[in-house]
Amino acid sequence: MTELQIRRLYKAYGGHVVFHDFSADIPLEGITVLRGASGAGKTTLFRLLLGLEQPDSGEISGMSGRKPAVVFQEDRLLPWRNALKNVSIVSSEKAAERALERLGLGDSLHLLPRELSGGMRRRVALARALAYGGDILFLDEPFTGLDEENKRAAAREILDSKLPALVITHEEDEARLLGGFRTIGIPQAAGDLG
Amino acid sequence: MPNKRKWYKNALIALAYLAVWEAASLLVGKELLLPSPSSTVARLAVLLIQSDTWLFAGLTLLRIMAGYFMGVFAGILLAILTARSHFSEELLSPLRSVVKATPVTSFILLALLWLSSGLVPLFISFLMVLPMVWTTTAEAILQTDRRLVEMCRVFGLSRWKIIQTVYIPSVLPQVLASCTTALGFAWKSGVAAEIIALPKQSIGYRLYESKLRIETVDLFAWTLLVIALSVLLERLLVWSMRRIRHD
């Protein structure tokens, strides 16, 4: 299968409906940007696709046997491990070092997360996803806290990986850095059932 | 240099306390009620050159430390069990509450009925350490950042690798701190158990004997030895734990 298929998805938390009869096909090639208003459920969709949450009803297919590499909304770095070791938990040390160097963190390999700036931590999280050797990237706001130069470098690394990528970003400029992408809109669902 | 200054400061504080003790002893004027530090230290020096003292201290140490390590081990195991399963927590938490709330002397008296006098201090140290390590470790496991565990799962790390990379580093500082606190409790309650259970070859027996013969200087000298051993053990434990944390 070369695409992720979402069919008649329904997901609610308590009385708050996030997805109501939502269907979409996400091709597994190139960059796909998920768009939607704040709170529309973009991160929830990521979690559903990754199997971290189950839909109340509906069907998601195409993820079976896949090896997703993820940049979460938060950096999720191990506070007691330096940058290099944070990346090498999912890859070889060599691959980790290369990924960090390519993202401009060659001088910060042995710094702990608390010694890194917000933007540097974000790049470590991205390096972890890129060094992993997955077959699909899930990137939730991957450019948060990065300056323009580092955003361009990060986008270049994402594109160079040649992996299909699902990206959540609110910024038009950031989406444009990823070149010829397609967009999937997530509509605001029915809202509160009351 | 700052270490040397700290050492001088500590020595000065110790000397100040000794001076207060000496002054109080002079004021009371009866060695039977409050022996002076000089006579206590002199008596301790005599005790330390007797081979029996080392035998008694060694056996007391063995009993208490055996109970301590068994308590730490069982506490960690029970913490894992109760943190993982709500049913286990509901089933076992009343037991923990009972152990926490029961006076240590009640346990000592009960243990005297069940066990030989030599095993009572071991059992009491075990009982003091168990709920402390159990509670702290279970709380530390439950407080582990679930988002980090989730991240590891998404990246396909095995369960053992997640325990190694997330759980152990996350819970270790709290577990080690509770182990240090528990050591003091184990030591104090273990010696108290010896005083009541009276195993012949023990510091507790010597303390009881000193009290019975109203040999207050001996009582102070043995107590000083208990304090010295406790401080030494705690230092050793803290040093070992620092090494564990840095490895």
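Modeller: Across the interface of domain 1 of chain B and domain 2 of chain B, 4 residue pairs are in polar contact, both residues at pLDDT 80 or more. A polar contact is a pair of N or O atoms within 3.5 Å; within protein, one must be able to donate a hydrogen and the other to accept it, and residues adjacent in sequence count only if both atoms are side-chain atoms. The number of salt bridges between these domains is 0, a salt bridge being a side-chain nitrogen of Lys or Arg within 4 Å of a carboxyl oxygen of Asp or Glu.

This is a predicted model, in which local features need pLDDT of at least 70, side-chain atom pairs count only at pLDDT 80 or more, and totals for chains, interfaces and linings use all residues. Residues are numbered from 1 along each chain as its sequence is written, chains are lettered from A and ligands numbered from 1 in the order in which they are written, and side-chain values use heavy atoms, with hydrogens and water left out.

Domain 1 of chain B spans 1-31 and domain 2 spans 35-246, with bounds from an automatic or database domain assignment. Their centres, taken over C-alpha atoms, are 29 Å apart. Domain 1 of chain B brings 5 residues to the contact and domain 2 of chain B brings 9 (heavy atoms within 4.5 Å).

About 610 Å² is buried between the two domains of chain B, 58% of it from carbon and sulfur atoms; buried area is the accessible area (1.4 Å probe) that two parts lose on being put together, summed over both. Of the area that domain 1 of chain B buries against domain 2, B:Trp21, B:Glu22 and B:Glu31 supply 86%.
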